[in-house]
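Trainee: I am new to this structure, and I would like to learn what the words used for it rest on. Could we go through them together?

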Amino acid sequence: MKPLLGQSLWACCLAALAAAPLSPARADEAGDASRPRPPESITMPEIPVRLAQRGDELQLETLCVDLADASGRSVILVGTTHLGEEGYYRQLQQILDACDLVLYEDMAGGTLGLAWQLRHKAADGSLTPHERDLLDQINLIDTDPASAENRKAAAHRLHRQTRVIDYGGPQFVWADLSYRELAERLRTCPPPPAYTPVPPVLPPLNGPLTPDRQARRALAAQLCEPNGARYVMKTPFMRERDRHCLSVFDAQSRDRRRTAILYGAMHLPHIVELLQQRGFRLRGLRWYKAFTL
């Protein structure tokens with residue numbers, strides 16, 4: 001198999017990084033004093049994550065994008081980081097719960113949905129003995145403090161997306177490639193060209209720079225590094241998955257009035273392009289605080 005990427009570990013890290021309709025009058029958070037803008041003036045940001053100074057706080061924000069087609073069907077792209085504050089994921093859950101279809105990423109073959117469905121059955125006491133054994137195994141793996149995901153979350157004092165967002169609703173549909181399927185697709189893909197990182201200049205942080213704040217600062221710098229973000233967004237690793245997601249969208253969304261696509265933020269610009277090819281137009285943008293540095 002040919003090399004996947006010139007910077008595969010970095011790309012995989014970021015990739016392991018998509019309510020009521022958002023008003024086109026708001027280009028930012030609810031507290032921002034932005035004036036109403038017509039939909040045709042809305043421009044998709046090149047990089048769907050950013051650092052924002054809010055009073056004394058410096059925070060990392062991710063983008064949600066609202067689109068609609070001529071028939072009135074709407075799509076909300078819920079872009080995420082995969083580590084964040086609990087309140088961040090609770091806000092995104094409200095958007096997902098207001099949709100009648102949610103397409104989500106999961107290279108483990110859609111097991112996120114299964115795990116949450118079993119947790120729901122456990123809560124109402126309807127698990128079979130076989131399902132109980134399966135859920136015990138899932139929880140043992142998922143909560144293992146020695147796992148890389150849990151160690152990283154603990155180091156940052158943040159939550160894992162998959163432990164807060166509830167994927168068990170009937171509207172959730174797996175819309176990703178499995179690791180094996182992606183490897184097959186990438187066999188013939190040439191590696192993308194190398195890039196030169198240009199670390200962003202981060203403002204100084206107020207207060208003591210504790211180890212967890214240092215970890216969040218490093219994560220934010222990595223996510224906001226412009227050359228690296230541009231590089232990752234154009235890799236076959238990302239784009240093949242975007243195309244597959246839109247093939248699931250084509251098959252599943254015809255009779256749905258409001259669809260959400262829950263993917264890592266770096267997928268959003270390409271997914272917007274694919275939706276625009278299908279006749280969708282930008283209707284609104286909104287930024288959400290993932291975590292405070």
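Mentor: Gladly; what follows is a talk about terms and the values behind them.
Mentor: This is a predicted model, in which local features need pLDDT of at least 70, side-chain atom pairs count only at pLDDT 80 or more, and totals for chains, interfaces and linings use all residues. Residues are numbered from 1 along each chain as its sequence is written, and side-chain values use heavy atoms, with hydrogens and water left out.

Trainee: Why is Cys-64 called buried?
Mentor: Buried means under 20% relative accessible area, exposed over 50%, and partly exposed in between, with a 1.4 Å probe and protein chains only. Cys-64 has a relative accessible area of 0%, so Cys-64 is buried.

Trainee: And what makes Cys-189 buried or exposed?
Mentor: Its relative accessibility is 13%, so Cys-189 counts as buried.

Trainee: Which residues of helix H5 are buried?
Mentor: In H5, residues 148-156, the buried ones are Asn-150, Ala-153 and His-156. Helices (H or I, at least four residues) and strands (E, at least two) are DSSP runs, numbered from the N terminus.

Trainee: How do you know where on H5 its buried residues fall?
Mentor: Seen down the axis of H5, they fall within an arc of 130°, so they line one face of the helix. The arc is that of the directions from the helix axis to the C-beta atoms. As background, an α-helix has 3.6 residues a turn, so residues three or four places apart point the same way.

Trainee: What covers the buried residues of H5?
Mentor: The cover includes strand S4 (83-84), helix H4 (129-142), strand S6 (159-160) and helix H8 (211-224). From H8, Asp-212 touches Ala-155, His-156 and Arg-157, not counting residues up to four places away in sequence. Contact means heavy atoms within 4.5 Å. The C-alpha atoms of Asp-212 and Ala-155 are 5.7 Å apart, though 57 residues separate the two along the chain.

Trainee: Why is Asp-212 called buried?
Mentor: Because its relative accessible area is 12%, Asp-212 is buried.

Trainee: What is the phi of Arg-157?
Mentor: Phi is near 55°, a positive value in a residue other than glycine. In general, most residues other than glycine have a negative phi. Arg-157 sits in the loop between H5 and S6, and its relative accessible area of 65% makes it exposed.

Trainee: What makes Pro-190 buried or exposed?
Mentor: With a relative accessible area of 58%, Pro-190 is exposed. Pro-190 is found in the loop between helix H7 (179-186) and H8.

Trainee: Why is Arg-243 called partly exposed?
Mentor: At 42% relative accessibility, Arg-243 counts as partly exposed. Arg-243 is in helix H10, residues 236-252, and touches His-270 and Leu-274, not counting residues up to four places away in sequence.

Trainee: What is the volume of the second largest pocket?
Mentor: About 180 Å³. On a 1 Å grid over the protein atoms alone, a pocket is an open set of points where a 1.4 Å probe fits, with protein on both sides within 12 Å along at least five of seven lines, and lining residues have an atom within 4 Å of a point. Grid points are joined across faces, edges and corners, and a volume is the space filled by probe spheres set on the points.

Trainee: Which residues lie nearest the centre of that pocket?
Mentor: Of the 14 lining residues, Glu-46, Arg-239, Pro-269, His-270 and Glu-273 lie nearest its centre. Helix H11 gives the largest share of the lining, five residues.
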